[in-house]
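Hello,

Here is the structure I promised to pass on. Please have a look at it first; my notes follow below.

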Amino acid sequence: MKCKSLWMGFVWISGMVWAQIAQPVRHATIQVGETIVLASKTNDPQISWRIQALHQAAPDRILMGANPGQVVMPEPGLYKLAQVSAGTELDYRFIAVQTPNDNFPPDLTLQGTQRRIVQQNTSQIFELEVDDFEDESVRVLWFQDGRFLKETAQLNQTISVPAFPTGNASVLTQIEALAIDASGQPADLPIVFRVFVYQTQKPPLAKINGFEQDHTDYQAMGGSYAINAQLDAGTVNPTYQWSMRYLDQNEPFFQSTQASVPDLPLERAGVIELSLNLIANGVPSPEPQRLWLYVFDPNIFPETTLTDPSPASFSMEVDGVISLGGFIHDRNFFPVTDSSQLYQEPYYYTKWNIKSPSGLNLTLQSIEYDISFSLGSVGTYILTMSGFSNFGTEVQEPDQIFIQVMPQRTGDDFEPNNTREQAALLGSGQYSALKLDSDDREDWYQFQVTQAGETTLLDVDLRSTAGQDVLAEVFNADRKVHAERLASGRVHPFSFVASQPGTYFLRFFIEDDSKKGDLQFGLGLRQVIPRLIFPEVRNDDLYQSNLVLLNPSPEIANVTMEARNRHGLVLGQFQTSIGALSQLEKPAAQLFSNVNEQIAWVRVLSDHALKGLCLTVSTDGKTGYADSASVQPLHELVIPHIAKDTGVWYTQISAVNASDSQIEPHFQSPTGDFYLEGVSEGYQHRRVRLNEWMPGGTLAEWGRVYEMGDAPVWTGVELFGRNDGPDQTASLELTSLRQKNPNHFYVQQDIYFPHIAKDLTAFWTGLAFVNLGGGSSTLVLQGYNDAGELVASAPYTLTAGEKKIGLANELMKTSDPISWIQLKTDGQIMGYELFGSSQDTRRLAGLNAVRGGSKTLDFPVVWSDQGRWTGIAVVNLEASASVLQFSAYNAAGQIIATRDLSFSAHQKQVYLVSDLFPQASGIAWIRLTSATPVAGFELLGDGAGEHMLGFTIE
């Protein structure tokens with residue numbers, strides 16, 4: 001767990017001038033090529049901005065005007081952004097611009113006391129611990145209120161301020177240290193010392209119970225807490241002002257002007273703020289002395305849950321490698337809810353115990369919730385996940401899994417299994433030597449999915465085969481839900497999301513004309529409770545993200561959310577419980593109020609499968625985008641569209657190495673294969689503008705991110721945005737053809753575009769689709785109207801790697817109104833659509849094509865407050881009529897309205913939620929159930945017609 005940043009976002013200039021800068025809000029770290037916004041709190045015509053490079057001798061950039069707006073930072077290094085008026089510097093921010101490569105930035109740690117009280121013109125020593133992961137030399141630059149002092153590892157400085165206000169008040173000045181390593185990589189944020197300077201009369205200062213300012217003291221509920229103040233030497237007859245309050249209450253429960261206060265009874269759990277103000281000889285304390293009392297219930301203990309794998313047992317062959325994942329949930333976790341609350345949230349350590357068949361025990365301890373290791377002896381291992389908090393409570397009922405390690409098993413061990421009736425039962429485990437041959441061309445296996453929403457991870461390892469492809473089929477009971485040819489010589493990882501428990505069958509076979517000889521392959525199978533990942537979360541000056549979590553299960557879900565930075569470090573946690581059929585929607589900045597640096601991505605750990613959505617809107621309200629949380633890391637991220645018109649559009653991807661492993665990441669496109677820096681280490685995040693990064697100067701039309709070992713480690717999102725004028729942004733969740741849903745109802749490779757705008761005056765719809773297969777693919781676009789009638793058909797042939805893009809009506813070669821489109825194909829086609837306004841350049845939404853449909857659709861969020869609207873579109877994919885039931889829920893999981901509607905074959909309808917449920921209020925989300933497979937699409941917008949967010953539902 002990374003500790004809270006020492007920079008709290010308050011800027012003073014020698015105590016005399018109130019901060020004038022509105023944006024950037026605080027010192028910040030960004031990547032090369034990213035944008036910052038420069039804005040002032042005043043429209044003074046004399047104001048200008050100076051951008052000064054601190055890491056090298058370079059001319060200053062001068063920007064005229066109080067509000068220059070967006071500014072791109074193209075070069076790495078340390079920068080000072082200063083707002084200037086009439087030759088006087090009013091305010092400043094430090095910006096660290098980092099190169100997104102595999103060089104880690106230097107790390108600075110404060111030594112000694114952060115807060116100091118010193119007399120004017122006296123010296124002070126400021127010490128840091130400086131560390132660099134690559135052991136490079138590090139330059140440390142020191143500043144006082146933005147004014148450069150010197151370059152030195154430790155600072156010995158005479159402290160003075162230019163002026164004092166009338167009276168005996170002290171003046172706050174800030175001593176800041178910035179660092180940059182020999183490779184030019186700057187530290188994330190400055191270290192800030194807060195120094196109060198006085199002239200002759202030293203302000204009174206005290207420590208509560210001997211602790212430094214904003215210390216957090218953890219205490220068990222049920223006892224009492226003695227409180228006393230230790231005054232600085234020389235403080236005579238001060239006036240005391242004590243105040244105490246629980247943070248979940250607005251008013252103090254205790255106030256006093258006495259020097260001594262009675263012991264505080266710790267009657268309930270929660271966080272108490274204790275503050276003390278002093279006045280001595282007419283001089284007040286420079287600020288209240290604060291102590292945070294974190295009161296926990298000693299009868300409540302943290303709990304562990306193993307989520308990967310989720311069953312209680314697992315089998316594997318000797319010398320195989322197993323990876324385990326879980327999380328810790330604690331009802332004694334009280335999250336920071338306001339950035340002014342400076343207490344330290346608790347953190348947790350994971351403790352893994354491995355008991356071998358011989359009875360020997362090995363205990364490993366980690367701050368992370370993941371572990372991987374090899375087991376080298378045959379027998380039963382017991383792996384236990386325990387843990388403890390930093391304040392001393394420990395898990396009482398740890399979760400555990402039994403692992404049966406056995407000798408290598410061959411395909412003969414499962415014979416006879418040549419028919420569905422003979423299907424061999426597979427438990428959660430790993431198998432390395434299954435086989436097919438000329439005498440045994442077909443094998444069947446079965447496995448159980450026990451929990452709705454569980455994800456099944458299936459890896460087919462064909463690295464030992466050469467020249468023989470394997471055909472694989474997946475059945476849900478008797479219904480075939482997936483079929484694919486698996487190429488030899490590689491690993492084929494799949495992820496299957498099952499909305500219903502039941503029996504699933506795997507069929508592997510080789511064609512009659514395949515080459516003779518044995519074909520040996522490996523198979524890995526395990527069920528997990530998915531860890532949702534939001535790969536692009538913003539809490540900066542440009543964008544703010546709201547995170548939506550929906551618990552579709554009938555049981556309470558315990559949830560731990562992790563906010564991580566681009567280096568993969570955990571910045572903060574949020575723990576909560578979400579009730580059955582309940583929804584949580586909160587801004588990321590509120591979920592992680594104690595995080596003062598930029599969040600890159602968020603991971604959600606839970607004991608039940610959840611659905612997630614990230615809604616991001618610009619701080620000026622002019623543009624926005626939405627993307628669903630990734631359910632499971634993939635072996636690749638297919639980027640189906642890269643904008644060629646870079647004068648108008650930019651294309652950006654955010655990719656996360658969602659594993660704890662070191663990988664070899666690559667970006668591959670029709671124009672070449674390139675190493676992708678910045679995501680080779682576990683949990684790292686990289687944001688890339690492809691039109692600026694693409695090596696060789698040739699921009700491809702599509703591409704993919706992959707790992708050389710084909711490991712499933714990736715999650716990501718793609719953004720399109722205008723760079724030629726007003727903001728306009730859309731997003732696409734990056735996926736892979738190997739991410740499947742066995743409850744989709746069509747084994748074919750067809751995809752569906754569920755919403756095509758019929759009003760071509762107001763809106764346009766663009767389609768793009770790419771052939772990911774190794775050969776040519778034929779396809780047919782079939783366009784339907786609202787009533788489900790086929791009104792247009794257009795055939796196409798795409799060569800391997802070829803992409804087609806165009807407006808929907810032009811691709812369909814018709815001017816007739818089209819409501820939705822089915823793309824029929826036997827190839828491997830991935831597609832998406834863009835939906836935008838024709839009358840302005842603001843509203844834009846990106847939608848992934850739907851693959852397969854479902855009988856249950858959950859629309860996870862509804863905007864119903866004043867000035868915002870929610871629209872949903874639903875398509876009946878079946879050639880038969882159906883009755884659809886819409887159920888509206890509030891955030892607490894209560895049904896507040898239902899409505900049944902009849903749909904004819906292939907019919908599509910579009911509704912505003914306010915029209916669908918005109919009498920209902922407080923709707924948080926909607927569930928749709930149908931007798932036939934349906935596909936859905938949701939659109940969110942504001943009444944001013946500026947931002948619009950869209951996403952498909954399946």
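Start with a loop. Asn 209 lies in the loop between β19 (206-208) and β20 (215-220). Strands (E, at least two residues) and helices (H or I, at least four) are DSSP runs, numbered from the N terminus. Asn 209 is not a glycine, yet its phi is positive, about 55°.

Asn 281 also has a positive phi, near 55°, in a residue other than glycine. Its place is the loop between β26 (270-280) and β27 (283-284). Asn 281 counts as exposed, with 59% relative accessibility. (Exposed is over 50% relative accessible area, buried under 20%, partly exposed in between, with a 1.4 Å probe and protein chains only.)

A word on the source. This is a predicted model: local features need pLDDT of at least 70, side-chain atom pairs count only at pLDDT 80 or more, and totals for chains, interfaces and linings use all residues. Residues are numbered from 1 along each chain as its sequence is written, and side-chain values use heavy atoms, with hydrogens and water left out.

Next, the cis peptide bonds. One joins Gln 23 and Pro 24, with omega about 0°. Pro 24 sits in the loop between β3 and β4. Another joins Glu 415 and Pro 416, with omega about -5°. Pro 416 belongs to the loop between β36 (399-406) and β37 (424-425).

Now the sheets. β3, β5 and β8 form an open sheet of three strands, in the order β3-β5-β8, with antiparallel pairing. (Two strands pair if DSSP finds at least two bridges between them.) β3 (21-23) and β8 (69-72) each have a single partner strand, so one side of each is left without a neighbour in the sheet. Neighbouring strands of this sheet are turned by 35° against each other on average, direction ignored. (Axes are lines fitted to C-alpha atoms, and angles run from 0 to 180 degrees between N-to-C directions.) Two bridges join β3 to β5 (residues 35-40). Ile 21 stands opposite Ser 40 in β5.

Another open sheet has four strands, in the order β63-β68-β65-β66, again with antiparallel pairing. Its edges are β63 (751-753) and β66 (790-798). The twist averages 20° from one strand to the next. Three bridges join β63 to β68 (residues 820-825). Tyr 752 has Gln 822 as its bridge partner in β68.

How many cavities of 30 Å³ or more does the structure hold? There are 11. (A cavity is a set of points on a 1 Å grid over the protein atoms alone, where a 1.4 Å probe fits but cannot get out; lining residues have an atom within 4 Å of a point.) The largest cavity has about 260 Å³ of space. (A volume is the space filled by probe spheres set on the points, which are joined across faces, edges and corners.) Its lining has 23 residues; among those nearest its centre are Thr 29 and Arg 566. β4 gives the largest share of that lining, three residues.

Last, the core. The largest nonpolar core has 30 residues, and those with the most contacts inside it are Leu 615, Phe 886, Phe 917 and Ile 926. (Such a core is a set of buried Ala, Val, Leu, Ile, Met, Phe, Trp, Tyr and Cys residues joined through side-chain atoms within 4.5 Å.) β76 gives the most to this core, with four residues.

Best wishes

Definitions and conventions:
On a 1 Å grid over the protein atoms alone, a cavity is a set of points where a 1.4 Å probe fits but cannot get out, and a pocket is an open set with protein on both sides within 12 Å along at least five of seven lines; lining residues have an atom within 4 Å of a point.
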